[in-house]
Amino acid sequence: MRSDPNTGTIDILYKIVGQGSAALATRKAGDTIQCLGPIGNAFILSNRTTHPLLLGGGVGIPPMIFFADELRKNSSLTPFVMMGSEIPFPFTTKPSKILVPNIPSDVIAAMPLLDDWGVASRLTSQQGYQGCFEGYVHQLAEHWFKNLDYKIQHGVEVFACGPTKMLKAVAEFAKRNQLPCQVSLEEHMACAVGGCAGCVVPYKENNKVTAMKRVCVDGPIFSAENVY
Ligand code: FES
């Protein structure tokens, strides 16, 4: 979720989904664990991008906080983060102090940390959480994007992380609007160093599958058009 090269620390926000993460959850502050990383590639901003749109769903939320932390160092960028969850958000939501055009006025819930950084954020859910958009992140993204000034539209690039269903919907939104879109895929990983081929996905060029790529080392980030 965050890293600080100056202090040599990283923050990880995780969900218990199996034996590994359950074992990790039994560790106490001050315990030592072995780990290996970073592994794989990173989001890369294109030259034309002025308004990065960061979309995170469920366990795809933490990487977007990490990425927003990086982007805010560049004052020429105006990142906007949308996060969706069907279980309570892993932070206390607050009404945002940052106004965003083309967002319904009652959609005001935000992540306080991002607000403090000056990065606009909005939340979506179908659970009726206060201040959240009732729907999915790609629907709020469409709502925001369609009435933007043309110049701003031209500078939008989409970055997404979350469940496959969400990423496919985001990729379709990006394609409809001719926006560059990078997606960070989730796959089960046995080795995470490229040896087992347990995490491969079909890789497309010009809509034809031309290779199988390993999400752990060739990804996890791909251009949406190469994987959907
Ligand atoms: S997890 Fe083994 S190759 Fe990716």
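The legends below describe close-up views of a predicted model.

**View 1. Leu55 in strand S3.**
Strand S3 spans residues 51-57 and includes Leu55. Leu55 counts as buried because 31 other C-beta atoms lie within 10 Å, where the cut-off is 20 or more. Leaving aside residues up to four places away in sequence, Leu55 touches Met82, Val137, Ala141, Val158, Ala160 and Val170.

**View 2. Leu55 and Cys181.**
These two residues stand 126 residues apart along the chain. In the model, 11 Å separates the C-alpha atom of Leu55 from that of Cys181.

**View 3. Helix H2, residues 61-71.**
Helix H2 is mostly covered, with eight of its 11 residues buried. The buried residues are Ile61, Pro62, Pro63, Met64, Ile65, Phe67, Ala68 and Leu71.

**View 4. Elements packed against helix H2.**
The buried residues of H2 pack against several strands, namely S1 (2-4), S3, S4 (80-84), S9 (156-161) and S10 (181-184). They also pack against helix H3 (112-117). Strand S3 is the strand that holds Leu55.

**View 5. The largest nonpolar core.**
This core has 55 residues, and Val170 and Val183 are those with the most contacts inside it. Helix H6 (residues 164-176) gives the most to the core, contributing seven residues.

**View 6. Contacts of Val170.**
Not counting residues up to four places away in sequence, Val170 touches Leu55, His138, Val158, Ala160, Cys181 and Val183. Val158 and Ala160 are also among the residues that Leu55 touches. Val183, like Val170, is one of the residues with the most contacts inside the largest nonpolar core.

Terms used. Residues numbered from 1 in each chain as written. Predicted model: local features only at pLDDT ≥ 70, side-chain atom pairs only at ≥ 80, totals over all residues. Helix = DSSP H or I, 4+ residues; strand = E, 2+ residues; numbered from the N terminus. Buried ≥ 20, exposed ≤ 12 C-beta atoms within 10 Å, placed from the backbone. Contact = placed C-beta atoms within 7 Å. Core = buried A, V, L, I, M, F, W, Y, C linked by C-beta atoms within 7 Å.
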